[in-house]
Amino acid sequence: MENTKIGNKEIIALLVTITFNQLVINGSKAILNTTSSASLLNILFISIIVILFTSAICFFLNKFSAFDLIDISRFLGGNFLKWIIGLLYVIYFIVFSGNLLNLFSTCLQIIYFPVTLLFFIRLFLVIGAIIICLFKNNAIYRSTFVLFPILIISTLFLFISDIQFFNVENVYPMFGFGIFSTFISGLSNLLIFQTLAYIFFLPPMMKNPLEIKKLTITSIIISSLLILLTVATILFTFNGLVEIDELLPLYSAVRYIDYGSFFQKMNSIFLLIWIMSFVSYLGITLKFSSNILKKLFLSKSDSIFIIILAILLFLASGWQENYAISIIFTQNMLKWFFFILIFGISFLILVLAYLKYRYKTNKKIS
Amino acid sequence: MSKNAIWILIFFILLFFFIFGFSNSYISRNLSNLAYIFSLGIDKGEHAKFKITAQFTKNSAISKGNSSDDSSNFVLTSCEADSIFSGINLINSYIGREVNLAHCSVVVFSTEIAEQGISEEIYSLINNEEIRPGANLVVSNCSAYDYIKNVKPNIETLTSHYYETFSITSKFTGYISDITIGNFFNDLSSKSGDSTAILGGLNLTARNDETESSNNSGDKSSSSENSSANESSSEKSSESKSSSDEGTSKDSSNSSNVENSSNPNVIISQDELTAGHSSISGERGTENLGLAVFKNDKYCGDLTVSETISHLLINNKLNSCVVSIDNPLKENSKMEIQISPEKKSKISTKIENGNLKINVKLNLVADIISLDKETDYENNIVLEKISEATNSYFKQELNNYFNKISKEYNVDIDKFCLSSLKYFPTEKDFNDFNWNEKYKNAEFTSNIDVNVVSSLLVTKT
């Protein structure tokens, strides 16, 4: 019999992996661009907001035990709302990860495969994700868990290796572009915590659904530390008040690692880790999306959904003409999609469902 | 057909698909198809904007590690083009392999090019994935072609190993700083300071050789006008000589002054010594002494070796070095002191009434190297006298250094700006302060604490 429940460690690993990919591909760049020298302050600020928001989500999810957002939507608004929310999330997951796939494969093409068509690189990553998803016994979550320490160690290694280039004074001016950009427009950096979208669907997959708060908060704290370390590496390595925008700032920081003539070009190892981590991320997205469709269609198997969603994901990564369009699309469309769906609609559903639940419980008692 | 057979079929289809898709990248990056550049030189071109020089090492030389005649293992190729990468493309077509910059250890710009600004070239190089940010950046006061041509390893087995010594040399001599194109790019892309590059030039042997060859080529010029190699050598040697005559690399463009170059001036004093003026003779024809200073992306002057020591001390990039100070125990004589930082330097800035005050604190520990007869170097009074003399030497050196960088060049190569950023809550406040203008009139002070420990093995003479 297939083991479909995820253990506590795997949950932390998968949630951190989701944020990590966002961080590597365009999260660190977005933070530095919007808040400059106030990046670290901004990360602390948004981390606190995310922890508070996650606590609130977990509070509501705990009231419904092993229900996910789809079940809660059904409880609140019947099948109609269930289908609307389910489809919105599937679209969100596929479009967002498709866009990220485009960004990442463009970077890979520039760095390592200059004469390979983008089509092959995207296909390679998607097929990797399909294979890992189709394996049984939660192979996707287990492999993510195996990769998780490597992500942590590589980030620490990068930070320690680049310390020799650090200039801690780059943290000044304290408020970067200003207080407004640090604390108000800097809120757009919440986008880096893609993990939030996945938390809503965790309870039915967990071995211990009641521990969701502890696990998600732990993963948010680990993710925040990773973001802090990574952005600090870039901020301290490159001089403050930088006016240049780079394709992958983290990759630029990695290129500085030098341990004499024996360990050169360590960027290749980092890129390999990032590729594996990105395939894991795509796999997690496909798995979550297929779980939603499985629930909507009341199907027993998710294999067919994985393949269909992978095709859609591949298509969603191919329409952008170039890298710049992907970035603009993220900033102008996906950002709002994220805020409206996660902070708006989903949270509202949880609150309303909780009120309905309270109302029904009180009615029963009375 | 069984389920397993379908999966195997799918596997092979995918395998074939990816072999087809990724083989192009593999073939283009195959080792046997690549030619690795070890150093890249950029001069002003005669017919185009740049003259690009690329130094390759033959593959056999790498595998054998043969140093018996390293110059025969070189392939030096140059061409003229309007950009670095179109030049490399041209070289590509000549070499017949794909030129790769992954092992490029040094990028050399001639002062003539550097004066015009090199931001476009640096951005283009950093934009290239192959080149490592750790490649050193040299500005040579001879032509880049001559610099690269004269690089021959002395003790090292390979030229590439010689390039790797740049970072080590800077730490125990203080005569150069280990500047890489990555450092230069960072400085260039930020508003918080100016940049420097290693100052390179030809040593005495190479300068003499160049003078001889330029005289010879001058005699033969009427009969061998179409010999492009000689033409290039003649032109470049006259450039390098003119720069040594004037004592400043800015004059390297004045290539007509050949007759003066037959007697290259040699500078001994640390206070004036820069690359291209030393008394060093040796088989390797190049030397790196001092730093080339940039205002934004334009080369604006040099730092002598003693100024470079001050710069490295302020930036905590020096392990130890030897300086020559006035001997406090004997009039009209010098004594050599080996100094090393005891603690990290501290830069503090204050803004008083809109004026900038910059203070640098150095804590140094010193050992006496040159000894006099009949002096007790264990005597505390003697040590104190030497400490005071060393102290006043560095005070004077730092004053000269501050004057040069702020008043003369108006460059902030020590990133003093960063230590003042804490006074500005936002970037707008900093921009409104008009740092560049205030820096020009900044008041510099220095607190130097030198602790002369002792002489080395001999304590009393």
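Modeller: Let us begin with α5 of chain B, whose buried residues are covered by elements including β1 (34–44), α3 (84–95), β5 and α9 (181–189) of chain B. Helices (H or I, at least four residues) and strands (E, at least two) are DSSP runs, numbered from the N terminus. Two residues are in contact if their C-beta atoms, placed from the backbone, lie within 7 Å. The model is predicted, so local features need a pLDDT of at least 70 and side-chain atom pairs count only at 80 or more, whereas totals for chains, interfaces and linings use all residues. Residues are numbered from 1 along each chain as its sequence is written, while chains are lettered from A and ligands numbered from 1 in the order in which they are written.

Colleague: Which residues of helix α5 (residues 119–127) of chain B are called buried, and what makes a residue buried?

Modeller: A residue is buried if 20 or more other C-beta atoms lie within 10 Å of its own, exposed if 12 or fewer, and partly exposed in between, with C-beta atoms placed from the backbone. In α5(B), the buried residues are B:E121, B:I122, B:L125 and B:I126. Seen down the helix axis, these residues fall within an arc of 130° (taken from the directions from the axis to the C-beta atoms), so they line one face of α5(B).

Colleague: Why is B:N410 called partly exposed, and why is B:N434 called exposed?

Modeller: B:N410 has 14 other C-beta atoms within 10 Å, a count between the two limits, and therefore it is partly exposed. B:N434 has 10, which falls in the range of 12 or fewer, and therefore it is exposed. B:N410 is placed in the loop between α14 (380–408) and α15 (416–420) of chain B, and B:N434 in the loop between α16 (427–433) and α17 (435–440) of chain B.

Colleague: What makes the backbone of B:N410 and of B:N434 worth a remark?

Modeller: Most residues other than glycine have a negative phi, and most peptide bonds are trans. Phi is positive at B:N410, near 50°, and also at B:N434, near 60°. In chain A, a cis peptide bond with omega of about -5° joins A:Y172 and A:P173; A:P173 lies in the loop between α5 (139–161) and α6 (179–183) of chain A.

Colleague: How do you know whether the radius of gyration of chain A agrees with that of a compact globule?

Modeller: The radius is taken over C-alpha atoms, and the globule rule is 2.2 Å times the number of residues to the power 0.38. For 366 residues the rule gives a value near 21 Å; chain A has 21 Å, and therefore the two agree. Chain A has 12 helices and zero strands, and 49% of its residues count as buried.

Colleague: How many residues does each chain bring to the contact between chain A and chain B?

Modeller: Chain A gives 33 residues and chain B gives 31. On the chain A side, α3 (69–111) and α4 (118–134) each supply at least two residues, and α4(A) gives the most, with three. That side divides into 20 nonpolar (Ala, Val, Leu, Ile, Met, Phe, Trp, Tyr, Cys and Pro), four charged (Asp, Glu, Lys and Arg) and nine polar residues (the others, Gly among them). The predictor gives the complex an ipTM of 0.78 and a pTM of 0.80.

Colleague: Where are the domains of chain B?

Modeller: An automatic or database assignment sets the bounds: domain 1 is 30–316 and domain 2 is 320–461.
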